[in-house]
Amino acid sequence: MSVKVAEEWLNACSGCEIAIVDLGERLLDVLQLVDFVHMPVIMDHKYLGQKGDGEHMSIPEADVGILSGGIRNEEHLEVALEMRKKCKIIVALGTCATHGGIPALSNSYSSQEVLERYYSTESTDKPHAWPDQGVPPLLDACYALDEKVKVDLYVPGCPPHPDHVFSVLTALVENRPPALPGKSVCDQCPTVRQGKGELKRLRRFLQAPRYQGAGEPLNKMRCLLEQGILCMGPVTRGGCGGNGATPRCISARVPCRGCYGPVRHNGNQMLDMLNALASNGIEVQSLPEYTSLLRFSGAHHLLHPKRSAKEA
Amino acid sequence: MSQVINIAPITRIEGHASIAIHLDDAGNVRDSKVHIMSLRGFEKFVEGKPAEELPRIVNRICGICPWQHHLASNKAVDGCFGVSVPPAGRKLRELMQVVSHAEDKLLHFFFLAAGDFVIGPDSDYAVRNVIGIAKANPDLARKVVRMRQMAKMILEKFAGKAIHPVAGVPGGFSKPLLEEERVEILKQVRELLDFALFTMDFAKTKVFPPYLDMVQSVGVIHTGFIGTVDDDGALNLYDGRIRLMKGDGSRVDFDSLEYTDYIGEHVEPYSYSKFPYARCWNEGFSLDLSDPKGIYRSNCLARLNVADKMATPRAHEELEEFREKFGRPAQATLLYHWARLVEEVYACERAIQLLEDPEITDDNIRAAVEPKAGRGVGCLEAPRGTLIHDYSTDENGLITRANMIVGTTHNIGPINMSVNQAARTLIKNGEVDEATLNKIEMAVRAYDP
């Protein structure tokens with residue numbers, strides 16, 4: 001008997017859904033095992049009935065509910081609650097769902113400030129009022145899924161590697177826990193670490209790292225952090241390269257920015273990174289700013305508007 | 001009694017939108033609205049971030065076209081920092097641009113749109129999709145999945161990350177292309193071109209013919225168009241001047257730095273998304289079906305309409321055939337599907353041209369950049385239309401101001417008009433069934449929003 005799956009996207013970009021499509025030919029095998037009952041990106045099941053005359057949102061019952069994206073407005077919340085009600089297992093797919101992701105950078109600002117800027121850019125005719133007819137009001141922040149509904153399985157990644165998506169889907173079909181990587185990005189990084197150096201300051205990623213020509217394998221290149229380039233590998237959950245492969249950004253000779261979120265679910269990538277730098281004698285003031293260290297994990301109240309605490 | 005019919009959510013598109021159709025007492029369409037439900041606020045939260053980090057932040061605007069946001073952002077930061085990209089770096093960026101276009105069009109045609117044509121607009125919703133196609137025509141499905149995956153893996157294998165890429169950097173590209181990689185990718189792209197030509201032929205002979213009546217009736221509106229052309233007036237996806245064409249064929253070309261002189265964004269109370277319009281036409285903004293004001297369209301049909309020619313031979317042949325059949329500018333909305341496949345041929349041919357250029361394997365791919373105060377407008381053609389990233393930086397190279405106009409946004413007004421037109425054409429005397437509502441959605445899907 002096949003497993004019924006419902007899928008929804010919330011405050012997201014669709015990259016997680018494309019990661020499912022990127023299963024490639026494995027997708028065709030998955031379709032033999034899984035029965036999608038609701039998935040707006042590829043199928044036409046509607047919230048309010050197929051003739052559009054229903055009054056309440058309804059999603060079919062399913063064994064597994066997959067949700068990508070965080071929760072930013074009242075519609076996201078309504079969908080998440082309905083999915084929780086109708087699905088036995090809820091999977092948080094992608095770093096927006098697990099930790100807020102890039103859109104949670106907006107948590108540094110009030111919703112008022114976000115709307116203010118968006119509707120006053122240089123190309124915009126300033127409106128009399130912001131949209132409020134038939135569009136869901138924004139919540140006060142961008143929330144990770146588990147701040148609003150219970151989550152049974154976390155699958156971080158921006159996006160999660162298709163190998164992990166496959167591993168999760170097949171495990172759910174076989175009713176067993178999936179094997180997901182748990183260590184840091186550095187754990188799977190092939191670059192050369194020589195231990196503590198004389199490095200005092202970090203430089204911005206404005207020029208190429210040092211390596212000996214295009215053909216030099218990555219396992220001959222010095223660790224980017226040891227070259228003085230900020231790399232979030234030490235404080236970021238590993239596995240982005242899929243089954244046993246090199247971290248994806250490193251394979252482009254580009255430093256990690258933390259897209260799999262913290263190594264432990266409750267970790268704080270900014271504090272952990274600043275601590276790691278300080279304990280190695282690197283001046284944290286050499287970074288141009290710190291907010292970006294939480295660019296993938298600003299939900300769970302880690303980022304918030306500057307003055308709100310005092311004024312509240 | 002007046003009644004509202006809700007199509008919620010609009011499906012087989014990217015993101016959150018719904019349609020509300022308001023009927024009058026007689027059951028005829030009084031009005032319709034397309035509600036765009038999401039707002040994330042990138043324009044605000046990129047402020048204060050180091051500009052060189054933006055190409056790795058704003059790619060999250062869209063998981064289907066992250067390469068375009070990534071590359072437009074790099075171009076904008078190049079402008080802020082006043083850097084010239086070495087030729088090989090520029091060519092690698094364009095290669096990624098056209099290969100990702102090729103992948104995207106296969107995704108849209110076969111995975112999102114084809115259910116309506118291959119299975120049929122009236123069929124049951126449970127099979128009117130890619131899963132239904134996989135069951136009805138497993139050989140075709142396997143071929144499609146394999147070809148799309150090959151395009152995607154070209155990006156992933158060479159550039160490290162295909163979704164939310166990182167390999168474009170201000171000043172150029174992060175890694176050079178090795179000769180053995182060039183040879184391998186060239187072989188794969190040639191196979192993609194064969195598949196693009198097969199798809200074009202398959203669509204023209206088997207997919208489109210039964211729907212030509214529908215093409216002339218559903219979602220048809222009359223608007224202007226926008227796209228990017230090079231100095232010869234040929235369609236260019238990566239660079240050039242922006243061309244804005246009126247419905248009567250008259251047109252103006254401008255540099256992306258001047259975009260605010262030509263394009264404005266109107267705000268309506270029922271949609272978080274803004275409504276770009278042609279400010280330079282000095283006629284204001286209106287979605288009135290019989291007398292629209294300032295409305296132009298973007299994406300593949302628009303690009304084909306504004307271009308004088310295609311820069312590659314097979315795509316140019318297809319453009320000539322398209323024009324002979326449908327005129328210039330072609331206005332029928334469902335022709336977006338046809339135009340998309342012509343562009344698929346172009347994207348593959350252009351990738352081959354780039355890969356046959358010996359300079360593409362040059363080691364000099366990245367100029368070092370210095371953070372400084374400046375302004376840059378990065379512009380290119382995303383699958384869904386002309387994409388504009390406009391940034392300013394302070395003396396430390398931190399972002400002080402960002403404005404973005406995303407490809408699909410240009411089409412928000414036209415999508416509203418096409419839905420309105422389709423609803424008025426298809427709903428009479430309160431008679432509404434599922435197939436009718438799906439046909440109204442097809443008027444949205446053509447735009448691939």
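Author: One thing to keep in mind is that this is a predicted model. To begin with a helix pair in chain B, helix H3 (residues 87–119) packs against helix H11 (residues 336–355) at an angle of about 150°, and their axes are 9 Å apart.

Reader: So how does H3(B) run relative to H11(B)?
Author: Roughly antiparallel, because angles over 145 degrees count that way.

Reader: And which handedness does the crossing of H3(B) and H11(B) have?
Author: The crossing is left-handed.

Reader: Which residues meet there?
Author: From H3(B), they include B:Leu95, B:Val98, B:Ala102 and B:Phe109. From H11(B), B:Leu341, B:Ala347, B:Cys348 and B:Leu354 are among them. By class, the contact of H3(B) with H11(B) has twelve nonpolar, three polar and seven charged residues.

Reader: Changing topic, in what order do the strands of the open sheet in chain B come?
Author: The order is S1-S2-S3, three strands with antiparallel pairing. Strand S1 (3–7) and strand S3 (29–36) of chain B are the edge strands, each pairing on one side only. On average, neighbouring strands of this sheet are turned by 15° against each other, direction ignored.

Reader: How many bridges join S2 to S3(B)?
Author: Seven, with strand S2 (residues 17–23) of chain B running antiparallel to S3(B). As one example, B:His22 has B:Asp31 in S3(B) as its bridge partner.

Reader: Which helix lies across S2 and S3 of chain B?
Author: Helix H12 (residues 412–426) of chain B, which runs at about 145° to S3(B).

Reader: What about the loop between S1 and S2 of chain B?
Author: B:Pro9 is found there, and the peptide bond from B:Ala8 to B:Pro9 is cis, with omega near -10°. The bond from B:Arg328 to B:Pro329 is also cis, with omega near -5°. B:Pro329 is in the loop between helix H10 (313–326) and H11 of chain B.

Reader: Is B:Asn299 buried or exposed?
Author: B:Asn299 counts as buried because it has 29 C-beta neighbours inside 10 Å. It has a positive phi of about 80° although it is not a glycine. Its place is in the loop between strand S11 (296–297) and helix H9 (300–306) of chain B.

Reader: Last one: how many residues of chain B are in contact with chain A?
Author: 83, against 74 residues of chain A. Helix H5 (residues 138–159) of chain B gives the most to that side of chain B, with seven residues. The side of chain B that touches chain A divides into 40 nonpolar, 19 polar and 24 charged residues.

Notes. Residues numbered from 1 in each chain as written. Chains lettered and ligands numbered in written order. Predicted model: local features only at pLDDT ≥ 70, side-chain atom pairs only at ≥ 80, totals over all residues. Axes fitted to C-alpha atoms, helices over the stretch in contact; angles between N-to-C directions. Helix = DSSP H or I, 4+ residues; strand = E, 2+ residues; numbered from the N terminus. Parallel < 35°, antiparallel > 145°, perpendicular 65-115°, else oblique. Left-handed = near helix turned anticlockwise from the far one by under 90°. Contact = placed C-beta atoms within 7 Å. Nonpolar A, V, L, I, M, F, W, Y, C, P; charged D, E, K, R; others polar. Pairing = 2+ DSSP bridges. Buried ≥ 20, exposed ≤ 12 C-beta atoms within 10 Å, placed from the backbone.
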